[in-house]
Amino acid sequence: MMKVVEGSYAVAHAAMCCSPDVVSAYPITPQTHIVEHLSQMVADGELDAEFLTVDSEFSALSVLVGASAMGARCYSSTTSQGLALMYEVLYNVSGLRMPVVMTVANRALGAPLNIWNDQQDSVGARDVGWLQLYVENVQEAVDTTPQAYKIAEDMGILTPIMVCMDGFILTHVYEPVELLDKEKVAGFLPAFKPEYVLDPANPKTIGAFADPSTYTEFRYLQFDAQQKALAKIEAVAKEFQETFGRTFGGLIDTYQAEDAEIVLVTMGSVIGTIKDAIDEMRAEGIKVGLVKVRSYRPFPVQALRKALKDAGVIAVIEKDVSIGNEAGLVTDLKAAFYNSKIRTPIIGFTAGLGGRDITVKDIRKITEKASAARKGIESEFEFLDLRTEILP
Amino acid sequence: MTLIWKALIHKNRDGRAGIQAASPRLSFLVSASYFKNLSRHRKGYIFWSLFGGEEEVSRLKEIRIHGRGGQGSVTAAELIAIAAFEDKRFSQAFPAFGVERRGAPVMAFVRIADKPIRIRSQVYEPDYVVVQDVSLLDVVNVASGLKPDGKIIINTDKPKDDLSLKTDAEVITIDATKIAMETLGRPIVNTIMLGAFCKATKEVSLESINKAISERFKGDLGKKNLLAIKTAYERVA
């Protein structure tokens, strides 16, 4: 049954349905209601898990390294500076091949101090070895949570995963959501049975030293696991659809893209606004469409080449910036096309930084600029709506 | 032709499309398998265009609630969203995110529509504005972007002509603080403003608002709030 609930509650409920053994989190700002609701569920006996509140995000994820090594199914959630403080441990979790699932409520990083939404936190952590899925609405955040465990815990993959949902915009919204059924999730997501666990009766070392003769091979295996995840993400989305009757795409999703001359490429909650803008422009005869990147890591090179091969021009919209060289998604997309036969012009926009609103008007403006770029690119990359009047 | 299609096509509230034949005579026109074989997006497009896209968009109603931190503006937005959903419509409620402090001006938004709501931007041209605290008129342009055929509902004990308000929209005043003191014994007006909103706009039913309130506030507090809403509902013309 659908119910109007807060995004954070819906995600906490989805995490509860996945029956994690250990939930560890830093409970103070920057945090969302997600772990607050999980703590309540544990206190109420609705979730049989060890719930740990610790002194920092560094500790929160470190606790999960220990728990995961014991074979526990682990969950955490964080945002912005919290993810930044986890940075060292992010590499340890992925390098140790621990299938931790973490919801990242995407929020801006300081300085300047800002609490609002953008995706700088997780896009900036694209190379830490975690898989990253970006969701467009609360329902997708809910549905992606059990999918994330299923992907992460696959024996050929064993890689942690971030489910990235726009902070505030999705974590604090009340909207109709179909909450998951715990028993149905149990059927979809079997219990976690890792092959190697720490066990005093059968001692072994997890996290040993790797010198130059083996370190490269460890990284290669992680790289290879992410490549294997490409097919798994698609398969799991399909299986979820068969079981629960809903899908928001596998690696990517498209909207009005088949005959589109102008294709917008993006991730996250701005997709809803873009879909409305597309309907408005289509009604006026503008052939515009959307390709949604759901999986940012692994980056779905082949799926994107296929979906974008007939586009006349591509405009990437993203809520992050790689200070020093454009932004994450646009550079990845250009790289994906360079050695292919696709010679479509690609322009990039960074927008919605630090909570700046993205409206239908903004999307129309981007579409107009993209349309003009077909005749020649004037600006390869720009900050949308830059307030030049307040610049020095 | 569009009308026939419209009659045949029924969109489930979970956003998935289903097909209902309006009559057995017309059922040959549409075959479930025809739709099944179309791509998901083509299907969506057909539904969208047949459903009368324009018409649907125009039925989207946007509400902005002004209050001060601690006055329950976000709760009021949530309750409208819950009540609208109870009325078999779609809804979305969210706060204007900020660094909330008690007493500081805050805003919350609600959207109500007959189809799933996708847009995520803030509300700039509301159909309705609710003002929980008349003192906000001195510090915030509460009527900003309000549609000329819209409505603004203000908690005040002053007659509306005494308010410095620049809008062509209909102004509705209610002394919600007085009702709150009478019914709740405390100057908390958010649920009272819901009663006024319900009567003034007819966007949500009184039954659904009452249901949402009863689920949120249990026991004596719930009963008092129901009385408060009823009083407000009756006092709005």
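This is a predicted model: local features need pLDDT of at least 70, side-chain atom pairs count only at pLDDT 80 or more; totals for chains, interfaces and linings use all residues.
Me: Where is A:Met70 found in chain A?
Reply: A:Met70 belongs to the nonpolar surface patch. Look between α3 (57-69) and β4 (74-78). The element there is a loop.

Me: How much area do chain A and chain B bury between them?
Reply: The size of an interface is often given as the accessible area lost when the parts come together. Of the area buried by chain A and chain B, 57% is on carbon and sulfur atoms. In chain A, A:Val4, A:Tyr174 and A:Asp357 lose the most, together 20% of what that side buries. The two chains bury about 2,700 Å².

Me: Which residue of chain B meets A:Asp276 in a salt bridge?
Reply: The count between chain A and chain B is 3 salt bridges. In one of them, the side chain of A:Asp276 takes part, at 2.9 Å, N to O. Its partner is B:Arg118.

Me: Which element gives the most residues to the side of chain A that touches chain B?
Reply: The elements giving two or more residues are β1 (2-6), β8 (174-178), β9 (252-255) and α10 (270-283). That side divides into 15 nonpolar, 11 polar and 9 charged residues. With 6 residues, the top contributor is α10(A).

Key. Residues are numbered from 1 along each chain as its sequence is written. Chains are lettered from A and ligands numbered from 1 in the order in which they are written. Side-chain values use heavy atoms; hydrogens and water are left out. Patches are made of residues with over 30% relative accessible area and no salt bridge: like charges are joined within 9 Å, nonpolar side chains (Val, Leu, Ile, Met, Phe, Trp, Tyr) within 5 Å. Accessible areas come from the Shrake-Rupley method with a 1.4 Å probe; for residues, only the protein chains shown count as cover. A salt bridge is a side-chain nitrogen of Lys or Arg within 4 Å of a carboxyl oxygen of Asp or Glu. Helices (H or I, at least four residues) and strands (E, at least two) are DSSP runs, numbered from the N terminus. Buried area is the accessible area (1.4 Å probe) that two parts lose on being put together, summed over both. Ala, Val, Leu, Ile, Met, Phe, Trp, Tyr, Cys and Pro count as nonpolar, Asp, Glu, Lys and Arg as charged, and the others, Gly among them, as polar.
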